[in-house]
Amino acid sequence: MTSYIHEPSRIPAVWQTIPEKLRCLAEEQPDKLAFVVYKEKHDRQQLTRKEVYDGTVKFAKALVNLGVKKGDHVALCISNCVDLIIYDIGIIMAGAVSVRLNLNSGDFNVMFSGCKAVIFDSKDSLDKFCTIAQISDNGKVTSEIYPELKFVINISNTYCPSNVLSATKLMLNIIDSEQVDLPSLDPEDVAFICQTSGTTGRPKNIYHTHYNWLNCSVYIMNASSITSDDTMYNTRPMIYIGGYPFGFFTFGTTHVTGNVQMLNDIKNLEFIESIWKKEGCNVLWLLPQHLQLLRDCGHRAKAIFTGGDMLTKESLMHSLNFTEHIQIVYGSSEATFLTSRVFTKKNISEHLPKMIGRPFPDTELKIVDDNGKTVNIGEVGNIQARNKWIAKVNLSGDSTTTNGWLSMSDIGYMTPEGDVFLVGRNTDFIKKSTVKIPIRQVEEYVSHHPSVEDVVVVPIPDEKVGEQVCACITTRDNHEFNEDGLKKFCLEIMPQQSAFDFVTLQPDYFLHFTRFPLLSSQKFDRRAIKSTAIDLVETKY
């Protein structure tokens with residue numbers, strides 16, 4: 001029996017453009033709350049569906065008046081704000097492609113390649129932009145690096161340089177009755193270019209069509225019985241797939257978010273809980289490391305979504321004390337959502353370490369060896385997936401798939417029941433002597449120590465064996481870091497030398513971190529952790 005599974009679907013595909021979907025939502029319930037954003041603790045902003053749609057139309061017309069044409073690229077470099085979707089969908093409605101960029105990821109000297117305009121929201125962003133371009137009157141841009149750039153728009157109402165176009169003023173100048181010809185759009189037109197999170201340090205830019213975007217989230221929402229009556233809370237950047245308001249565009253849920261740093265700071269837990277209660281957030285998108293922080297605050301959720309890192313049964317069981325069910329999700333920037341599994345108190349016993357769920361309907365998934373041959377059930381290999389919403393090309397024009405199959409760059413295996421387990425990434429190995437040590441497996445063992453809150457395993461260069469294994473650890477409250485205790489624990493529970501050609505899985509070094517640095521996606525910044533670890537090992541050992 002080979003490791004291949006196809007989950008059929010009875011749900012028809014969505015054949016709409018994103019602006020069409022937004023218009024339908026606005027017509028159905030114009031006064032229903034669409035977005036709530038907390039920029040700061042005492043700065044709450046909101047928009048109804050009609051306000052979002054009307055603003056989108058005005059911004060699209062303003063862009064067309066500026067000369068934006070179908071197929072142009074417009075870079076969107078803004079943080080979570082109540083107007084973000086207006087600018088994002090406004091770009092698309094104008095016929096352009098919204099290039100969602102995080103200025104803290106990637107090379108600033110190449111990220112605006114092909115863009116006709118750039119949209120900013122802060123002085124820091126504009127100052128950084130001015131290191132590679134000059135801005136004259138009316139937002140006109142000249143740049144030796146980016147000769148195709150024509151203008152820059154600022155959306156901030158607190159920092160308004162006179163030589164930069166103001167989004168607010170541009171939209172105020174649009175009269176509702178003004179006839180501006182907006183281009184005809186097709187569901188298979190490119191709508192977005194999404195930037196990957198930069199976990200590997202090399203963010204990629206991926207094309208997504210209207211069709212991809214509106215179909216990828218239907219099954220994930222159906223699995224948790226999401227409806228328009230639900231209110232979804234999310235702490236991630238809205239320009240990332242994990243933070244995008246899919247619930248709003250799929251079923252019209254209200255989307256609640258805010259300042260990413262504020263909402264992911266555990267010091268603000270009481271304030272975050274007050275948001276849930278005040279806004280009636282019955283669906284929570286939470287990072288894996290935040291599940292253990294859940295407590296009895298007088299608020300119970302209908303569903304919790306989580307993913308992006310390994311999950312423990314302990315954290316899932318803890319979460320089920322505060323929600324009816326929890327849904328784990330696995331995917332990527334190219335694939336959006338691929339697998340999932342819903343757990344309740346009745347079936348949580350079925351969860352096993354490294355489980356990432358079963359394929360969504362309309363998704364094929366297989367495990368292959370290095371030659372592309374499908375392996376047998378239970379054998380480890382490369383995860384590949386194929387469905388109708390996977391992105392087909394990236395910004396450079398290179399295909400992301402082979403015969404429709406996307407290689408996930410992840411290694412895993414499949415059970416006879418169709419559950420998929422993630423062993424690690426193709427690059428998630430430490431080469432020690434002649435042995436490839438799987439990083440995720442070491443992290444799994446170390447995470448079971450009672451003092452460990454989070455663990456990130458990184459390679460340390462070594463002249464004799466190539467790379468040594470270093471476990472970087474944050475400790476739980478009321479626990480102390482004890483290197484000798486950790487070494488003894490790993491010696492007792494981890495495989496011994498005889499099974500690994502005299503090279504053990506056991507970490508060579510243990511380092512204590514007060515907290516781990518994060519990427520803007522709120523994933524652990526493994527590159528920064530590795531760099532710090534190398535310096536600490538050189539100093540300490």
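Tutor: In helix α1, Ile-18, Pro-19 and Leu-22 meet Ile-89, Ile-92 and Met-93 of helix α3, where contact means heavy atoms within 4.5 Å. The model is predicted, so local features need pLDDT of at least 70 and side-chain atom pairs count only at pLDDT 80 or more, whereas totals for chains, interfaces and linings use all residues. Residues are numbered from 1 along each chain as its sequence is written, and side-chain values use heavy atoms, with hydrogens and water left out.

Student: How many nonpolar, polar and charged residues make up the contact of α1 with α3?

Tutor: Ala, Val, Leu, Ile, Met, Phe, Trp, Tyr, Cys and Pro count as nonpolar, Asp, Glu, Lys and Arg as charged, and the others, Gly among them, as polar. By that division, the contact of α1 with α3 holds six nonpolar residues, no polar and no charged ones.

Student: At what angle do α1 and α3 pack, and what does that make α1 relative to α3?

Tutor: Helices (H or I, at least four residues) and strands (E, at least two) are DSSP runs numbered from the N terminus. Axes are lines fitted to C-alpha atoms, for helices over the stretch in contact, and angles run from 0 to 180 degrees between N-to-C directions. Here α1 (residues 18-28) and α3 (residues 84-93) pack at about 125 degrees, with their axes 9 Å apart. That angle makes α1 oblique to α3, since angles under 35 degrees count as roughly parallel, over 145 as roughly antiparallel, 65 to 115 as roughly perpendicular and the rest as oblique.

Student: How many cavities of 30 Å³ or more are there, and which residues lie nearest the centre of the largest cavity?

Tutor: On a 1 Å grid over the protein atoms alone, a cavity is a set of points where a 1.4 Å probe fits but cannot get out, and lining residues have an atom within 4 Å of a point. Grid points are joined across faces, edges and corners, and a volume is the space filled by probe spheres set on the points. By this rule there are four cavities of 30 Å³ or more, and the largest cavity contains about 140 Å³ of space. The largest cavity is lined by 15 residues, with Leu-269, Ile-272, Trp-276, His-290 and Leu-293 lying nearest its centre. Its lining divides into nine nonpolar, three polar and three charged residues.

Student: Which helix gives the most to the lining of the largest cavity, and which of the residues in α10 are buried?

Tutor: Helix α10 (residues 269-279) gives the most to that lining, with four residues. Buried means under 20% relative accessible area, exposed over 50%, and partly exposed in between (1.4 Å probe, protein chains only). The buried residues in α10 are Leu-269, Phe-271, Ile-272, Glu-273, Ile-275, Trp-276 and Glu-279. These buried residues pack against β2 (33-40), β3 (43-48), β13 (231-234), β14 (254-258), α9 (260-263) and β15 (283-285). Gly-280, which follows α10, has a positive phi near 70 degrees.

Student: What is the phi of Lys-354, and is Lys-354 buried or exposed?

Tutor: Lys-354 is not a glycine, yet its phi is positive, at about 75 degrees. Lys-354 lies in the loop between β18 (336-343) and β19 (355-359) and is buried, because its relative accessible area is 17%. Leaving out residues up to four places away in sequence, Lys-354 touches Met-310, Val-420, Phe-421, Leu-422 and Gln-441. From Lys-354 to Gly-424, the C-alpha separation is 9.0 Å in space and 70 residues in sequence.

Student: Where does Ser-409 lie, and what is the phi of Ser-409?

Tutor: Ser-409 lies in strand β23 (residues 405-414), and its phi is positive, about 60 degrees, although Ser-409 is not a glycine. With a relative accessible area of 30%, Ser-409 is partly exposed.

Student: Where is Lys-150 found, and which residues is Lys-150 in contact with?

Tutor: Lys-150 is found in the loop between β8 and β9 (151-154) and is partly exposed, because its relative accessible area is 44%. Apart from neighbours within four places in sequence, Lys-150 is in contact with Lys-116, Gly-139, Lys-140 and Val-141.

Methods
On a 1 Å grid over the protein atoms alone, a cavity is a set of points where a 1.4 Å probe fits but cannot get out, and a pocket is an open set with protein on both sides within 12 Å along at least five of seven lines; lining residues have an atom within 4 Å of a point.
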